[in-house]
Amino acid sequence: MIPENDAKVGRNDSQKDNKYGSFALFDIEHFLRRILKNWYWFVFVLLIGYIISWVYGKYYAQSIYSSDLSLSVSNNTSSYFTPNQSINFIWGQSGNQDGMYLKKMLLSRSHNEFLVKELDLFVNYSTKGVIKSTYIDKTDSPIFLQIDKKHLQQINYAITLIPKGGDSYEVILPEEGQSTSLYNFEVEGFQTVSAYNRPVNKIIRINEWYNSPNLRFRLLKNPETPRIKVDNIIVRLSSVNQSVNEIVSTIGVDFDKEIGTIMIINKKGFNLNSTVNFLNKSVAELQKKRLADKNIVNKNTDQYLQANLNNIRKKLDSSAAVLNYLKTSEKLYNIKDRDEKSLDKIKDLEAKKADIISKITSLNSIKSTLQAQDFDKMISTNAAGFEDGFFTASVTELKALYTKKREMATIYRPNSEPIKEVNRLIDEARAGASGTLRNYYTKYYDEISKIDSQVSEANSDLNSYPEKERKYLDAERGYNMIEATYNSLLSRQNEAQMKVATNQSDITVIDPAKNLGQSPIGPNVKAIKMAIMGGLLLFPLLFILIGEVLDNKIRNIKELLSATKIPLLGVIGNNSNENMLTVLEQPKSSVSEAFRGIRASIRFLMDHNKEDGKGKTILVTSSIGGEGKTYVSINLASVIGLSDKKTILLGMDLRKPKIFGDFKIDNKYGISNYLTGEVELEQIINKTKIPNLDVATSGPIPPNPSELLMSERNIRFIEELKEKYDFIIIDSPPVGLVADSYELMKYSDANIYVVRHEYTEKYMLKMITEKYHNEEIDHLGLIYNDYNTKQGYGYGYGYGYGYGYGYFDEDKNYKEPLLIRIRNKVQTIFNKK
């Protein structure tokens with residue numbers, strides 16, 4: 001970084017840059033170095049994190065288990081209560097609508113509320129070890145707790161049961177926490193009672209009731225021997241609503257990607273047996289419900305047909321009585337020359353007409369039920385003589401849409417857009433169903449019209465019969481028609497009853513839920529451990545990062561030179577000497593060698609074209625006090641004096657005299673006295689141990705130091721010294737505090753600016769850098785002081801040399817770092833031949 005001949009070369013090139021003295025906000029190199037330096041904090045928090053995560057995993061983590069059940073949904077029925085796949089009107093759903101319907105059933109409140117009440121799932125069992133509590137299934141408990149639902153109960157209240165031998169258990173309740181807000185399981189709501197004292201602990205036997213103001217229950221023995229043995233059982237009651245919500249939140253329903261009619265139901269929980277038992281029971285109840293839904297229509301049809309059969313039976317009996325009367329009284333049972341062919345034709349036609357009329361009657365029942373929206377009383381379309389998937393789907397959609405509308409009515413206003421949309425869908429579904437019925441009405445009435453026409457033609461052949469005989473034939477035809485209607489209804493009733501008897505649930509379990517010793521699915525203890533340790537590691541990292549961002553001190557030589565673009569004369573290591581005379585007292589130290597290097601570098605700062613035979617003036621300054629300005633001045637003067645150059649050190653920091661102490665010189669008279677004319681030049685010049693080095697101390701602190709330094713007498717003083725000495729070293733005031741040094745720099749041949757490692761603030765360099773690049777200051781160089789050479793510079797200029805090479809005095813106390821020793825050992829092993 002030292003220019004060979006002209007110090008302005010680098011400066012002129014850098015004038016193209018608009019910013020000088022601007023440092024990076026964040027020094028990644030120093031940040032990483034600080035991390036390595038504080039490695040023990042990371043090891044410490046990592047150890048703490050490991051201990052915390054181990055305790056969490058051992059004593060506090062609750063394992064979560066999961067069990068699955070797969071079933072097949074076959075669509076072999078056309079019930080209004082079981083959706084089919086022929087139509088998908090509602091809310092844009094597509095695909096397996098039957099499966100979607102079952103999914104909603106499995107996740108519905110009504111289904112899960114039934115299970116909660118049926119299986120007493122509002123009673124929760126657990127057991128507690130030394131630290132950790134573990135949830136257990138009801139079947140894992142040696143006893144069951146049965147509550148009296150007519151009695152008010154306190155929920156979310158720990159009831160501890162301790163076995164006392166035989167069939168006895170001690171009931172232990174919490175020391176505090178009893179509530180006056182108790183839950184009524186019959187109405188599923190809370191009631192407030194008067195304050196009461198804490199219930200006492202009590203030993204009860206199996207089947208014995210425990211009574212207290214906030215609890216009433218008894219213990220029942222588990223008929224099966226539990227697979228595990230527990231020392232205590234902790235029971236907590238929860239409300240029905242709370243239990244239902246917790247269960248629904250842990251159920252997942254999905255469909256097989258290849259076969260859409262296969263459903264996979266998943267249940268998560270803290271106990272594997274609980275999830276298995278719940279899934280199997282849930283699907284078993286769903287199968288029963290599904291079968292009952294399928295049979296509703298057939299049972300309604302059977303009841304409807306039975307009612308019609310009863311009416312038709314009465315008409316048939318009445319018609320048979322009239323026919324018998326005519327046979328016996330009028331003797332018309334043997335009519336001569338009967339046209340059997342025409343009579344048989346009329347009989348067949350009227351039987352068909354009777355069947356169609358019964359179908360129309362069934363159509364009327366279906367139509368009226370549809371208009372009344374009383375879907376639970378709907379009969380099968382088979383009773384009306386047809387099966388129409390479109391009509392069945394329309395009715396199913398209507399039923400679902402009306403249910404949806406009732407739910408939405410609690411949220412939206414009557415004229416809101418969602419309500420209007422569901423009304424539009426209802427109108428479309430109703431229009432579709434009504435249109436289907438109209439088509440069948442039209443079809444049946446057309447058939448009746450054709451039959452009537454054919455019967456009229458056949459009757460023309462019977463007009464030749466006498467009146468009495470025609471009267472008998474009419475009675476016979478009436479009886480036959482009623483009998484045909486009866487037989488038709490009876491046939492349909494048998495069909496409906498057969499369906500009820502042979503119907504099976506269209507839900508088939510493929511793989512029931514089983515306890516196969518599945519491993520827990522959560523929590524991910526490893527991930528949590530890593531998160532805990534990683535989170536704790538962030539604390540020292542964040543602390544160091546904040547410190548690095550807020551730190552404004554010079555810590556990096558490379559960054560210093562890049563920001564200032566001022567030549568670097570040398571790097572001075574840390575001074576281990578008690579005083580500042582390092583060059584004199586430790587001549588073989590690395591610091592002394594660094595000053596010798598600086599002595600050689602200074603000549604590059606000077607103007608070699610200016611050879612007037614006079615001594616050279618070197619001014620040393622810094623930003624503020626404490627950066628080693630005086631230390632550099634003393635040792636630089638010492639190293640030059642030791643090189644047989646006649647040198648004088650001037651203490652021109654009149655505000656803070658320092659030099660005299662280390663040289664053991666009396667500061668009674670100094671430069672301040674000379675500049676005020678109190679003494680002569682010879683009186684302020686002091687000899688030192690170095691024959692070629694003289695010192696002129698500052699003297700007493702004057703009231704006007706700036707005026708004295710800027711005076712003509714001081715300029716003549718320096719010029720006079722140039723005639724007597726080869727080098728004049730000026731220890732000047734810091735430029736960050738006063739501007740005296742800037743004026744003195746005009747008369748110096750070389751200017752040295754001292755920057756102290758991890759001490760000098762970055763912003764302090766901005767002024768000197770700007771003045772240098774604006775050519776207000778010439779022949780300026782930097783000295784980087786107090787650098788810890790054990791850290792390594794990371795900059796390839798060779799200043800300071802470092803330790804560990806047996807060259808300097810410090811090396812005798814030097815011990816290589818552990819990593820370096822390991823590296824050297826490895827290299828030695830691999831270098832062996």
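This is a predicted model: local features need pLDDT of at least 70, side-chain atom pairs count only at pLDDT 80 or more; totals for chains, interfaces and linings use all residues.
Two or more lining residues come from each of S2, S3, strand S12 (233-237), helix H6 (240-248), strand S14 (262-269) and helix H7 (272-329). H7 contributes the most, with five residues. By class, the lining holds 14 nonpolar, 16 polar and nine charged residues.

Across the whole structure, 15 aromatic pairs were found. Phe 122 and Phe 185 form a tilted pair, at 4.7 Å centre to centre and 45° between the planes. Phe 122 sits in the loop between helix H5 (109-119) and S2, and Phe 185 in the loop between strand S7 (181-184) and strand S8 (189-192), so the pair ties together parts 63 residues apart in sequence. Phe 122 counts as buried because its relative accessibility is 1%. Phe 185 is also buried, at 6%. Phe 185 pairs with Tyr 183 as well, edge-to-face, at 4.8 Å centre to centre and 85° between the planes. Tyr 183 is likewise buried. Elsewhere, ring pairs link Trp 39, Tyr 40, Trp 41 and Phe 44 into a cluster.

Two charged side chains lie over ring faces. Arg 713 is placed over Tyr 674, at 4.3 Å from the ring centre. Lys 771 is placed over Tyr 742, at 4.8 Å from the ring centre.

Val 130 belongs to the loop between strand S2 (123-128) and strand S3 (133-136). Val 130 is exposed, with 82% relative accessibility. Its C-alpha atom is 8.8 Å from that of Tyr 59, a residue 71 positions away along the chain.

How values were computed:
Residues are numbered from 1 along each chain as its sequence is written. Side-chain values use heavy atoms; hydrogens and water are left out. Helices (H or I, at least four residues) and strands (E, at least two) are DSSP runs, numbered from the N terminus. Buried means under 20% relative accessible area, exposed over 50%, partly exposed in between (1.4 Å probe, protein chains only). Ala, Val, Leu, Ile, Met, Phe, Trp, Tyr, Cys and Pro count as nonpolar, Asp, Glu, Lys and Arg as charged, and the others, Gly among them, as polar. Rings of Phe, Tyr and Trp (its six-membered ring) pair if their centres lie within 6.5 Å; planes under 30 degrees apart count as stacked, over 60 as edge-to-face and the rest as tilted. A charge sits over a ring if NZ of Lys or CZ of Arg is within 6 Å of the ring centre and within 35 degrees of the ring normal.
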